[in-house]
Amino acid sequence: MRYSNQKEFQVVHQCARCGKKAVFINTRRFRVNANKNKLDVWLIYQCEKCRHTLNIPICQRISPQKIPKELYEGFLANDGDLAARYGSDKALFKRNHFVVKM
């Protein structure tokens with residue numbers, strides 16, 4: 001699998017395990033959860049010190065039919081290039097109120 005050359009954002013967030021603000025990095029993996037007829041998709045970040053995870057919401061309570069098939073398959077396959085693209089999307093972090101750094 002070939003990863004994108006895009007610069008990904010790091011997230012500065014309170015780490016539940018470290019007990020202080022820490023830098024979280026993109027794991028290039030997704031979490032997909034089904035709740036009845038709706039899906040949630042998150043991009044998984046982890047603390048660079050203790051590896052505690054942080055889920056960045058991509059889609060919440062969306063009908064699977066509203067996600068393009070190729071995109072949905074990329075989420076399920078943990079497509080590294082797709083994860084890098086989302087990790088480089090400043091609007092994603094702004095929409096979810098995360099503090100980022102390059």
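A: Let's begin with lysine 36, whose place is in the loop between E2 and E3. Do keep in mind that this is a predicted model. Lysine 36 has a positive phi of about 60°, although it is not a glycine. With 80% relative accessibility, lysine 36 counts as exposed, because that value is over 50%.

The largest nonpolar core has 24 residues, and Phe30, Ile56 and Ile58 have the most contacts inside it. Strands E2 (21-35), E3 (38-47) and E4 (53-62) each supply at least two of its residues, as do helices H2 (80-87) and H3 (90-95). E3 gives the most to this core, with five residues. Isoleucine 56 touches, among others, Val11, Val41, Trp42, Leu43, Leu92 and Phe93, leaving aside residues up to four places away in sequence.

Finally, a word on the cysteines: the structure holds zero disulfides. Cysteine 15 is in none, as the nearest cysteine sulfur, that of cysteine 50, is 3.5 Å away, whereas a disulfide needs the sulfur atoms within 2.5 Å. Likewise, cysteine 47 is in no disulfide, and the nearest cysteine sulfur, that of cysteine 18, is 3.8 Å away. Cysteine 15 counts as buried at 1% relative accessibility, and cysteine 47 is buried with a relative accessible area of 1%.

Note on methods: Residues are numbered from 1 along each chain as its sequence is written. This is a predicted model: local features need pLDDT of at least 70, side-chain atom pairs count only at pLDDT 80 or more; totals for chains, interfaces and linings use all residues. Side-chain values use heavy atoms; hydrogens and water are left out. A nonpolar core is a set of buried Ala, Val, Leu, Ile, Met, Phe, Trp, Tyr and Cys residues joined through side-chain atoms within 4.5 Å. Buried means under 20% relative accessible area, exposed over 50%, partly exposed in between (1.4 Å probe, protein chains only). Helices (H or I, at least four residues) and strands (E, at least two) are DSSP runs, numbered from the N terminus. Contact means heavy atoms within 4.5 Å.
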